[in-house]
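Dear colleague,

I am handing over the structure we discussed, and below it you will find an account of what came out of the analysis. Please read the text with the coordinates open beside you.

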Amino acid sequence: MTVLFPQAQPLAGFTGGLMIGVAAAIMLLGVGRIAGVSGMVARAAGLAGSGPGRGIAMAFIVGLPLGAFLTGLVTGGVEAHYPASAWTLIIAGLLVGYGVRLGSGCTSGHGVCGISRLSRRSMLATALFMGSGFATVALMRLGGLP
Amino acid sequence: MKRILVALVSGVIFGAGLAWSGMADPHRVRSFLDLFGDWDPTLGFVMIGAIIPMAFAWRVRQRMERPLADGSFDLPGATRIDARLAAGAVIFGIGWGIGGLCPGPGIAGLAIVPADAALFTSTMLAGMALHRYTSGPRWAKEKK
């Protein structure tokens, strides 16, 4: 794997994935909710008509950067290379925000929680957003965009 | 109070998992989506790792009458596959491909690259608000 794809981090990816799955399981078995980040964000921001109690949503959302921060303390810093252009972030943010609400979920809600529940809806949504992500990057590459 | 604490713990572990797995790095996520470049399969390992505990959790859930720290389960029950689901997923995928960011890493990133993550997160909220105020009443009606 490391020979074929030198930049891949399969072990860190898998163990980090396990942590994400355990976190989602705590949410499901602890408070009976889906750990879907987009739904929680919308709920915490008052942009969703339904969903978990606002306190639950806010606590979960506050936990995300806290967990990333703590990981940085342990590992001596978390790598994150963001797109150089502010416009890239702005356009990406708008599309992601609108899309996840229209499609009722994102990578965590549909991808992790839905697929593991064998929800056909979530499997289709995940196939579509992955396909559209692959196509978008391919088209940007074709158009010479970074 | 117990519920809030459980949600906070879940969020912390979730955020730590994102950072540990490399998924808080938009470049790494985008490299997964870049089939014609230096493809990086890491995101696939993250998905597999995350789905395993959740697959168990769904089985455990079937034997539980109510969650450990709350009165009842409140889970999405929609099964219909419609244009809204498909269009939303495609639009999200375009944004994900452009920036390499989805909601979780965007928010976790506030602790790593605050200014950039805040710009992404705030425009993401604007996108959510746009959806809320352009399609709110219609969907509310359809739900009944």
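Let me begin with chain B, in which 43% of the contacts between residues at least 6 apart in sequence join residues at least 24 apart. Please keep in mind throughout that this is a predicted model, and that every value below was computed from it.

**The two chains**

The secondary structure of chain B consists of 6 helices and 0 strands, so that its elements, read from the N terminus on, run α-α-α-α-α-α. Taken along the principal axes, the C-alpha atoms of chain B fill a box of roughly 50 × 35 × 30 Å, and 56% of its 144 residues count as buried.

Chain A likewise has 6 helices and 0 strands, and from the N terminus on its elements run α-α-α-α-α-α. Its C-alpha atoms occupy a box of roughly 45 × 35 × 35 Å along the principal axes, while buried residues make up 61% of the 146 residues in chain A. Of the contacts in chain A with a separation of 6 or more, 35% are between residues 24 or more positions apart.

**The interface and the core**

Where the chains meet, 100 residues of chain A are in contact with 106 residues of chain B. On the side of chain A that touches chain B, at least two residues each are supplied by helix 1 (10–31), helix 2 (37–44), helix 3 (54–75), helix 4 (86–102), helix 5 (107–116) and helix 6 (120–142) of chain A. The largest share of that side, 21 residues, comes from helix 1 of chain A. Sorted by class, the side of chain A that touches chain B has 62 nonpolar, 31 polar and 7 charged residues.

The largest nonpolar core has 91 residues, and those with the most contacts inside it are A:A23, A:A24 and A:A68. Helix 1 of chain A gives the most to this core, with 12 residues. As for A:A68, if its neighbours within four places in sequence are left aside, its contacts are A:V78 in chain A and, in chain B, B:G15, B:A16, B:L18, B:A19, B:A24, B:A108, B:A111 and B:I112.

The contact is made by A:M40, A:V41, A:R43 and A:A44 of helix 2 of chain A, together with A:R54, A:A57, A:M58, A:F60 and A:I61 of helix 3 of chain A. The residues of this contact of helix 2 of chain A with helix 3 of chain A divide into 7 nonpolar, no polar and 2 charged.

**Two residues to look at**

Most residues other than glycine have a negative phi. A:S104, although not a glycine, has a positive phi of about 60°, and its place is in the loop between helix 4 and helix 5 of chain A. A:L118 also has a positive phi of about 60° without being a glycine, and lies in the loop between helix 5 and helix 6 of chain A.

Which of these sites is buried and which is exposed? A:S104 is buried, because 21 other C-beta atoms lie within 10 Å, and 20 or more are needed to count as buried. A:L118, by contrast, is exposed, with 10 other C-beta atoms within 10 Å, since the exposed class takes in residues with 12 or fewer.

With best regards

Technical notes. Residues are numbered from 1 along each chain as its sequence is written. Chains are lettered from A and ligands numbered from 1 in the order in which they are written. This is a predicted model: local features need pLDDT of at least 70, side-chain atom pairs count only at pLDDT 80 or more; totals for chains, interfaces and linings use all residues. Two residues are in contact if their C-beta atoms, placed from the backbone, lie within 7 Å. Helices (H or I, at least four residues) and strands (E, at least two) are DSSP runs, numbered from the N terminus. Ala, Val, Leu, Ile, Met, Phe, Trp, Tyr, Cys and Pro count as nonpolar, Asp, Glu, Lys and Arg as charged, and the others, Gly among them, as polar. A nonpolar core is a set of buried Ala, Val, Leu, Ile, Met, Phe, Trp, Tyr and Cys residues joined through C-beta atoms within 7 Å.
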